Amino acid sequence: MLENVAAEPPHPTKDVTQHVGYLLKRTQAALRGAMDKVLREHGLTVPQYATLELLALHPGMSNADLARATFVTRQSGNVVLRGLQEAGLIARPATADHGRARPAHLTEEGNARLAAVQAAVYAIEQRMVEAIPAQRLAVLLADLDRMAAALEE
């Protein structure tokens, strides 16, 4: 017979809404909602925007690398790339030089669209950053990175 024993939370809290995971998800949902709103005005989705940002920093990234970096599946990443290509925001060769990778690059229009939306997206992050004391930002970023790494092991 199984005994019904409640597990102890990992830290003292009154309810689940005070758990670290819940608060991270709440923050992520708020960030996504705010980004969706401003990106919609520019005809972009969050994965499309993230892809443009990454390609601006690292031209030639493959679909697999972009998908991993934007937290989508390879299949979804390919859909994102096709949409950006059809919109004239990125260019990819019709065929791969070797293997299956078709490196993507921003077009002039892609650079312009990214520049047009960056200020609005960065303003959202600025609102989040301003919500905590400036001297705690570096610690928060390091803590978040360590938490992700702990779960990726």
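Student: Starting with Phe-71, does that residue count as buried or exposed?

Tutor: Phe-71 counts as exposed, because its relative accessibility is 76%; here buried means under 20% relative accessible area, exposed over 50%, and partly exposed in between, with a 1.4 Å probe and protein chains only. This is a predicted model, in which local features need pLDDT of at least 70 and side-chain atom pairs count only at pLDDT 80 or more, while totals for chains, interfaces and linings use all residues. Residues are numbered from 1 along each chain as its sequence is written, and side-chain values use heavy atoms, with hydrogens and water left out.

Student: And where is the place of Phe-71 in the chain?

Tutor: Phe-71 sits in the loop between α3 (63–69) and α4, where helices (H or I, at least four residues) and strands (E, at least two) are DSSP runs, numbered from the N terminus. The phi of Phe-71 is near 65°, which is a positive value in a residue other than glycine.

Student: OK, zooming out, how many helices and strands are in the chain?

Tutor: The chain has six helices and two strands, and from the N terminus on the order of the elements is α-α-α-α-β-β-α-α. The chain is more spread out than a compact globule, because its radius of gyration is 20 Å, well over the 15 Å that the globule rule gives for 153 residues. That radius is taken over C-alpha atoms, and the rule is 2.2 Å times the number of residues to the power 0.38.

Student: What does the C-alpha trace span along its principal axes?

Tutor: The C-alpha trace spans about 60 × 45 × 25 Å along those axes. Of the 153 residues in the chain, 24% are buried. Among contacts (heavy atoms within 4.5 Å) with a separation of 6 or more, 44% are between residues 24 or more positions apart.

Student: Which residues have the most contacts inside the largest nonpolar core?

Tutor: Those are Leu-39, Leu-52 and Ile-90, in a core of 23 residues. A nonpolar core is a set of buried Ala, Val, Leu, Ile, Met, Phe, Trp, Tyr and Cys residues joined through side-chain atoms within 4.5 Å. Helices α1, α2, α4 (74–86) and α5 (108–130) each supply at least two residues of this core, and α2 gives the most, with five residues.

Student: What is Leu-39 in contact with, leaving aside its neighbours within four places in sequence?

Tutor: With those neighbours set aside, Leu-39 is in contact with Leu-44, Thr-45, Val-46, Tyr-49, Val-117 and Val-121.

Student: Now the helix packing: at what angle do α1 and α2 pack?

Tutor: Helix α1 (residues 20–40) packs against helix α2 (residues 46–57) at about 80°, with the axes 9 Å apart. The axes are lines fitted to C-alpha atoms, for helices over the stretch in contact, and angles run from 0 to 180 degrees between N-to-C directions. That angle makes α1 roughly perpendicular to α2, given that under 35 degrees counts as roughly parallel, over 145 as roughly antiparallel, 65 to 115 as roughly perpendicular and the rest as oblique. Arg-32, Met-35, Asp-36 and Leu-39 of α1 make the contact with Val-46, Pro-47 and Tyr-49 of α2. These residues divide into five nonpolar, no polar and two charged, where Ala, Val, Leu, Ile, Met, Phe, Trp, Tyr, Cys and Pro count as nonpolar, Asp, Glu, Lys and Arg as charged, and the others, Gly among them, as polar.

Student: What about the angle between α2 and α4?

Tutor: Helices α2 and α4 pack at about 75°, with their axes 10 Å apart, and they are therefore roughly perpendicular to each other. The contact involves Pro-47, Gln-48, Thr-51 and Leu-52 of α2 and Val-80, Leu-81, Gly-83 and Leu-84 of α4. By class these residues divide into five nonpolar, three polar and no charged.
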